[in-house]
Amino acid sequence: MSAATEATVLITHAVGLHARPSVKFTKLAKTFAADVEIALAANGPWFDAKSIVKVMAAKAPKGTLLHIRARGDGANDAVDALVDLVRRDFDEGADHARTA
Amino acid sequence: MLVPLRLQGISASAGYAEGPLFDLDRPPAVYASKATAAEEKASLEAAIGKALKRLAAMVEAADRDAASILEFHIAMLEDDTLSEPAFASIVSGQTADTAWREALNGEIAGYEASDQDYFRARAADLRDIRDQVLRALTEDEDRAAPSGAILFGEDIAPTRFLETDWTNGGGIALQAGSTASHVAMLARSRGVPMVVGLRQLEANLAGLALLDAEHGSIVLAPSPAEVVSFRQLSSSFTTRQGKARTFLARPAVTKTGTAVRVQVNIAGPSDVDAIDIATCDGVGLMRTEFLFGKTLPDEETQYHAYRKVLEWAGDKPVTIRTVDAGGDKPVPGFTVEEGNPFLGLRGIRLSLARLDIFRVQIRALLRAAPHGNLKVMFPMIAMAEEYECAAALFAEEQAALAARGVTRQMPPLGIMVEVPSVAIAPEAFANVAFFSIGSNDLTQYVMAAARDNAAVAHLNSVRHPAVLRLIGSVVAFGRDNGIPVSLCGDAGGDPASIPSLLEAGLRDLSVAPAQLAMAKAAISDISV
């Protein structure tokens, strides 16, 4: 078993990792083969990042330092892509275009 | 014969609706249980599939806001994690409908327990998802409300809102509900009248009702005279609304040519995305409680939030209020449990008791100040010592930042006038940079009527002579001493209260963004 890739990112979206951002976040996570998990603290608990039910249950408000970790194929890419999505505020700035 | 009954709630979306009541909580049809667990499982799978298909069809017809809510429902329903517990209890002998209901109720309870409004409001989405599948299980297709009906019940599902035909009017009246729910947002954007918090609304009502979602009330079994006066209010609202749109882009001026500044109240930095800065004179109140959720915000988070609004406003003023936690706004890890929180450790009292937290906010404000036209005000000031203490903390942090070579600027420091002691004896505050009258709290303290208690709502009026006299004397004191006075309570955006406020001498109001046009229109009708 390879070691996990891990990163943290600050949630700046006004109401946190809520309904719309969670849809985008889990959709993106599912495009990677790696196991991806999120947590609100370095020591967990960890939630499956591909399950919107679990991501929503984490109830991460704005200002949360989100921990993201991945294991397996494309783990690095998965973490990078998800961190980038959170940094871009889930693309909810001027452009509200629906994702395909 | 029923006697007319008027119930008071909270407006979630302004407007008027007259129509038959339609009970949202009618008992659904009964589920026919199956012979084997395998059949129950197949029946639940089919129902989930059917619900997903219906949601997909609704997405096709929905606008962007509505579609994003539906896509959230679809994503939740497609996630096996949601249905796993239900399928597990089917295996151990439960029927599909009970298994699903119990599984979802568990999930809903988790959301209801959240201390954040936003996540708590998602419980309504989960109930919607639950009921979509239960409906598919029971094949209850006969659930359309008559056109123009007033839908009433405990709460309403977003999909229910979306599949309702609102082209012939109609409205929503809820016992519970929240002004932060998805449905409330949809109702505001579509102009569907909606009132929440009608706690005394009973089940099994029928007949004609009048929904006044401008003032947050509903009249059941109205008399002919009430129908007549309701229609007058309704048509005046429509006229005002149409007229108001033409006022939005112009500066506010009274009939006799007196200029009135109209600023906006915002609750967080994302609010400004939907406001054109050209339509207002700045931000009269930026609340900072939004930052204080489950975790206390760090300096960087606060700095970026303040800076965003300052940059958006350009050279127009942005008045940021230091955190006003306590009272009806508890914050875990910050506020304290009290028997009478409105009269307890809240606003500046709490900030001065928790200097570790207050100093972080002060530094973030000082650092944000160079990025725009910042003003800072303190809530719940009762004595001059509190203001002096807060101002001294600003000076200390300013000096510390300067010593470290950090870019910063001292903003003008003002106070909220909401505790009667300040309004009665303002002379103790002759050295503050500005006064901002918090009419909600000032009114509740002068009238001794809690603003969240519907039973004493009739006492809670800013237009009571006692409240207006205090406002007038604060304005006069400000004028004589060169201290600008504005007002940032709900009354500032209420067309019915604006004439009294201008007569009391106010020329600077700060209102909710949705009330901007109506407030400007109301001002144009006044001769002062």
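Which residue stands opposite F152(B) in β5(B)? A173(B) does. The model is predicted.

The two strands involved are β4 (residues 150–153) and β5 (residues 171–174) of chain B. They pair in the parallel sense, over 4 bridges. Both belong to an open sheet of 8 strands in chain B, in the order β1-β8-β7-β3-β4-β5-β6-β2. Pairing across the sheet is mixed. Its edges are β1 (5–8) and β2 (10–13) of chain B, each pairing on one side only. On average, neighbouring strands are turned by 30° against each other, direction ignored.

Helix α8 (residues 224–247) of chain B packs on this sheet. It touches β3 (16–23), β7 (208–212) and β8 (217–220) of chain B. The direction of α8 makes about 40° with that of β7(B).

Helix α5 (residues 117–138) of chain B has 22 residues, so at 1.5 Å a residue it should span 32 Å. The end C-alpha atoms are 32 Å apart, which agrees. Of those 22 residues, 17 are buried, so mostly the helix is covered.

Chain A has 100 residues, and 48% count as buried. It holds 3 helices and 4 strands, running β-α-β-β-α-β-α from the N terminus. Among its contacts between residues at least 6 apart in sequence, 73% join residues at least 24 apart.

The chains meet through 20 residues from chain A and 26 residues from chain B. On the chain A side, α1 (19–29) and α2 (52–57) are the elements that give two or more residues. The classes on that side are tabulated here.

| Class, chain A side | Count |
|---|---|
| Nonpolar | 8 residues |
| Polar | 7 residues |

Methods:
Residues numbered from 1 in each chain as written. Chains lettered and ligands numbered in written order. Predicted model: local features only at pLDDT ≥ 70, side-chain atom pairs only at ≥ 80, totals over all residues. Expected span 1.5 Å × (residues − 1). Buried ≥ 20, exposed ≤ 12 C-beta atoms within 10 Å, placed from the backbone. Contact = placed C-beta atoms within 7 Å. Nonpolar A, V, L, I, M, F, W, Y, C, P; charged D, E, K, R; others polar. Pairing = 2+ DSSP bridges. Axes fitted to C-alpha atoms, helices over the stretch in contact; angles between N-to-C directions.
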